Amino acid sequence: MSTVLQKPFAEQFREPDTPYLSPARIGDFFGFKVQELAERAHVHRNTPTARPQAPQLQKYLQDMVRVLAVATEMTGDKKRAAFLLRNEPLRAFGYKTADALIQDGRADMLIAYLESLAGGAAG
């Protein structure tokens, strides 16, 4: 009996042959330049290229991918989800965008909110 495993969502953003996420792939997907990505992650501007495995950078990238995964499940389209994460003001968070909330370290709260919307409990 053969089981086909679905490729994990985060795998598309993996740095080749490493156990960490690729700042370049995530930056390209969301339309961030390297310096913008560094600013969002609150790291030095050279960190995404010189030390892509840096813990603070990886935490930010992981949060982006986690929120993108939830938003993609909700919208059915990862490009639309990325657009909404960057641009849609969220009333429940003082009209901040999901992107701003992730930068503020509030990804867990954001995910809980999105899941409640998907379940119909909030909104």
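**Entry 1: the model.** I am working with a predicted model, in which local features need pLDDT of at least 70 and side-chain atom pairs count only at pLDDT 80 or more, while totals for chains, interfaces and linings use all residues. Residues are numbered from 1 along each chain as its sequence is written, and side-chain values use heavy atoms, with hydrogens and water left out.

**Entry 2: helix 1 against helix 4.** I looked up how helix 1 (residues 23–30) lies against helix 4 (residues 55–75), and found that their axes come within 11 Å and cross at roughly 45°. That makes helix 1 oblique to helix 4, where angles under 35 degrees count as roughly parallel, over 145 as roughly antiparallel, 65 to 115 as roughly perpendicular and the rest as oblique. I noted that helices are DSSP runs (H or I, at least four residues) numbered from the N terminus, and that axes are lines fitted to C-alpha atoms, for helices over the stretch in contact, with angles running from 0 to 180 degrees between N-to-C directions. The crossing is left-handed, that is, the near helix is turned anticlockwise from the far one by less than a right angle.

I then listed the residues that meet: P23, I26, F29 and F30 from helix 1, and L57, L61, M64, V65 and L68 from helix 4, contact being heavy atoms within 4.5 Å. The residues of this contact divide into nine nonpolar, no polar and no charged; Ala, Val, Leu, Ile, Met, Phe, Trp, Tyr, Cys and Pro count as nonpolar, Asp, Glu, Lys and Arg as charged, and the others, Gly among them, as polar.

**Entry 3: the buried face of helix 1.** I find P23, I26, G27 and F30 buried in helix 1, taking buried as under 20% relative accessible area, exposed as over 50% and partly exposed as in between (1.4 Å probe, protein chains only). Seen down the axis of helix 1, its buried residues fall within an arc of 100°, so they line one face of the helix; the arc is that of the directions from the helix axis to the C-beta atoms. These buried residues pack against helix 2 (34–41), helix 3 (47–50), helix 4 and helix 5 (78–87). Just after helix 1, I noted a positive phi of about 80° at G31.

**Entry 4: helix 5.** The buried residues here are A81, A82 and L85, and because they fall within an arc of 100° seen down the axis of helix 5, they line one face of the helix. Helix 1, helix 4 and helix 6 are included in what covers them, whereas K79 and F83, on the other side of helix 5, are exposed.

Entry 5: I checked D99, found in helix 6 (residues 98–103), and at 5% relative accessibility it counts as buried. Not counting residues up to four places away in sequence, D99 touches F32, R40, Y60, M64, L85 and R86.

L114 lies in helix 7 (residues 107–119) and is buried at 10% relative accessibility. Leaving aside neighbours within four places in sequence, L114 is in contact with V67, V70 and M74; L114 and V67 are 47 residues apart in sequence and 8.6 Å apart in space, C-alpha to C-alpha.

**Entry 6: positive phi outside glycine.** D17, in the segment before helix 1, has a positive phi of about 60° although it is not a glycine, and D17 is exposed with a relative accessible area of 77%. Y95, in the loop between helix 5 and helix 6, has a positive phi near 65° and counts as exposed at 52% relative accessibility.

Technical notes:
Helices (H or I, at least four residues) and strands (E, at least two) are DSSP runs, numbered from the N terminus.
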